[in-house]
Amino acid sequence: MSNDIAATPPTIFRKDYVAPGFWVDTVEMGFDLDLHETHVATRITMRRNHDSAEKDLVLFGASLKLLQLRMNGVNLKKNAYTIDGEVMRIANAPDEVTLEIETLIKPLKNTSLSGLYASNGNFITQCEAEGFRKITWFPDRPDVMAKYTVMLRANKKKFPILLGNGNLIEEGDLGDGRHFAKWEDPFKKPSYLFALVAGKLVCQEENYTLKSGRSVLLQVWVEDGNLDKTQHAMDSLKNSIRWDEERFGLELDLDRFMIVATSDFNMGAMENKGLNIFNTKYVLANSRIATDVDYAGIESVVGHEYFHNWTGNRVTCRDWFQLSLKEGLTVFRDQEFSADLVGTTTGRAVKRIEDVRVLRQVQFSEDAGPMAHPVRPDSFVEINNFYTVTIYEKGSEVVRMYYTLLGHEGFRKGMDLYFARHDGQAVECDDFRAAMADSSGRDLTQFERWYSQSGTPRVKAETTYDAETQTYQLTLSQSCPATPGQDEKLPFHIPVAMGLLDAEGKDIALHCDAYSALAGATNLILELTEASQTFTFTGVAAKPVPSLLRNFSAPVLLDIEYSDEELGLLLANDSDPFNRWEAGQRLATRRLVKLTKAVQAGETLELDSMFIEALRATLVNESLDPSFRELVLTLPSEAMIAEEFDVVDPQAIHTARQFVRTALTQHLRAEFLSAYEANLTPGQYTPDAISMAKRALKNLALSYLSAWSDESTFELAQTQFDEAENMTDRLAALSALTNFHGTETQANAAAQSLKKFYKDFKKEALVIDKWFMLQAVADTTDVAKVRELMEHKAFTLGNPNRARSLTFSFCNGNPSRFHAADGSGYALWAELVIELNKINPQVAARLARSLDRWKKYPLHLQEHMKLALEKVAATKKLSKDVAEVIGKALA
Ligand code: ZN
């Protein structure tokens, strides 16, 4: 068609996997570190893999200057090898090979933040997924595992700290103002786990004694001036170490474990062996700069990366299609870690609700769009685009289903078998499933479809009750919509945890024909494996209310018709806290959908008293954990409401949701005020579960109160802002002030507070990110305001955290403004994607995904979106990353 659209980059298929032609035994590297030009010398010992169909010796390289290539001591002539793109082939290599390679790289010029790059004058590496090839030519694929010894040399003044994987075995001076450090990693690893860090850093360190009595050195490295912000990361690390010993019997296998924080990072953090590298966002915290949400994020990411040491590093992925093998499992582990740390039943439920909210809002949406892919994809263009909520969060749900099906002990047995079989290997998702099946004796053949089929399954529940025979029948039917490349789906193996409630809301003892061994239980896990199945319950004295998919036992959409009364009963009584919350969300969604339609039809908006009273009862119920009440009182997001519509009208949704917020405040003002007063946390800030829960409810109350504009609530917010002693309260107050729909005087006062906040925190990059983000999602912030903020001296697209804080937050978190009728939001989006594409393709591709669901909008918006998409598609030098996302959106 049009020839200005670049040729689509090639697709890589899972079915084309071929084992490497050569294995690597040892890798020795020497780095002469210089920010402009780093010299890398690598010696690799290799031996032929006689089982492989690949006969050539294949290496990968990117953005490298090759200085020297020797095979078994002999310089390789130009005609002894071929280079095509990133692939080098050496034909007719002998069975035993020692390669000596010298390359030159330019860290300062590397803005992609993949490979070896500079951050505030320090050296940082990022090698997952394919960054090692930007350091040297190498069989850069995860099934090639080797032992590494690394010599780092650099100017001692500029780079006093030199860190590598594993253990420090030697260090010293080189005499010429330079020094060296030699690191040896005793474990075989794939190249994507390689890391080095060099520069001016300081650390908090501690000797920690493992359960076995062995002592290990723990270090958290940060830039100078940040040592007062490392305690929480250190505590989280120690908690992680203890948790993995206790829950899974897994011990830290190194003498030293390091975390390094950098402000220039594409993702959250990286599990490099013994040398985890983190985005500062997931390390730095104290009460002055970090919110409760930040504290929780740090705990889970520190846990996540630490847990990778076994699930990812000791047992790794055969190829990148198996990414969820390590990511899904490790997310499950970090979710369980955080839940176990809180410990209480409600605490666990609160964590579960928060995790499910992300899954539904982001993953379900991904699964319904052009980038939908199975947990184990069949193909990709750019692997970096597949670090997705499907691989991570849906992958974790898949692991959780084994846990639900096999039980606590059964799951642990499966994990033990998995490590017994595969320690030191690079394996597939199927190997994990086999370990779960073989350790439990269960047939998990059908379960494989969770890995191979994309899309969110729908389960429809229909019930009948026969009073005469006291029999209750529950029919569950499943289906799954078509997704790209997958028109027809086969039934999944779905665990449906459930109970039945009587008229008082009490659990009924269950007698189900198919589960006679469990007669009398009040909670059953039904296994839905057919397209449709009927479960019969006997001895049911009166028509019950079903509570299905308890604790969200499977990543599906559940269609069930409830009356308001039934939902009210579940909200007030269900013994499963998840489903209590769920009932409240169903009540709210029903109303928000109706009101959105009323907005579109120009009708008057009204909120019924049943809903208001149900929420009132929850809000004032002091026997309920404040964080649970906070979740129930939080309305489904605009993105969640959008999922209820075939054609999305962002402004109508926004108006409807704002109306409900205001109406609730109007009726529950007194209750919100008492909740505010009752949940103050005076005294010194601590990020413990109880104080965090209180602050969450108190600040939710504040945000509701400020939806009903008057003098006293403005003052409440202003006072909280002025007197806050921690960032959680200060930011919540600033947000309330910024979103207050009040007088001009109040608007001016809010603007003053924003200014003051900036001034007070301008040296704290992570806080300035919050300052941008808060404004990006304010409902008064339109496209023009975003452009104005982009001109602010503190804004740059070159730093991923900063780019995300303003531009991503606006495009993804302010739908009613982003989807402006004139298409100005999309025009801005296109400019940003094109600009970012030049700097950092991975980050650009993430933003590119904001228009994934463009076909869900009214035609006049679609036209604007299509133009914006085509503008990006027509850009010269479009990265593989962006090209794949845009190509799939336009397909
Ligand atoms: Zn991970």
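## Contacts and overall shape

Let's start with how the chain meets itself: 71% of the contacts with a separation of 6 or more are between residues 24 or more positions apart. Here two residues are in contact if their C-beta atoms, placed from the backbone, lie within 7 Å. The model is a predicted one, in which local features need pLDDT of at least 70, side-chain atom pairs count only at pLDDT 80 or more, and totals for chains, interfaces and linings use all residues. Residues are numbered from 1 along each chain as its sequence is written.

The protein has 891 residues, and its radius of gyration of 28 Å agrees with the value near 29 Å that a compact globule would have. That radius is taken over C-alpha atoms, and the globule rule is 2.2 Å times the number of residues to the power 0.38. The C-alpha trace spans about 85 × 70 × 70 Å along its principal axes. Of the 891 residues, 49% count as buried, meaning that 20 or more other C-beta atoms lie within 10 Å of the residue's own, with C-beta atoms placed from the backbone.

## Secondary structure and the annotated domain

The protein contains 25 helices and 31 strands. These are DSSP runs numbered from the N terminus: helices are H or I with at least four residues, strands E with at least two.

UniProt, in an unreviewed entry, lists residues 233-450 as "domain: Peptidase M1 membrane alanine aminopeptidase". UniProt positions are given in the numbering used here, feature names are shortened, and annotations may be inferred rather than shown by experiment. Over residues 233-450 the chain is 56% helix and 9% strand, with its end C-alpha atoms 34 Å apart.

Two strands pair if DSSP finds at least two bridges between them.

Inside this sheet, strand 19 (residues 256-262) runs parallel to strand 21 (residues 275-279), joined by 5 bridges. Met258 stands opposite Leu275 in strand 21.

Another open sheet has 3 strands in the order 4-8-7, with antiparallel pairing. Its edge strands, strand 4 (57-60) and strand 7 (81-84), each pair on one side only. From one strand to the next, the twist averages 20°; axes are lines fitted to C-alpha atoms, and angles run from 0 to 180 degrees between N-to-C directions.

Strand 7 pairs with strand 8 (residues 87-90) in the antiparallel sense over 4 bridges. The bridge partner of Tyr81 in strand 8 is Ile90.

Note on methods. A residue is buried if 20 or more other C-beta atoms lie within 10 Å of its own, exposed if 12 or fewer, and partly exposed in between; C-beta atoms are placed from the backbone.
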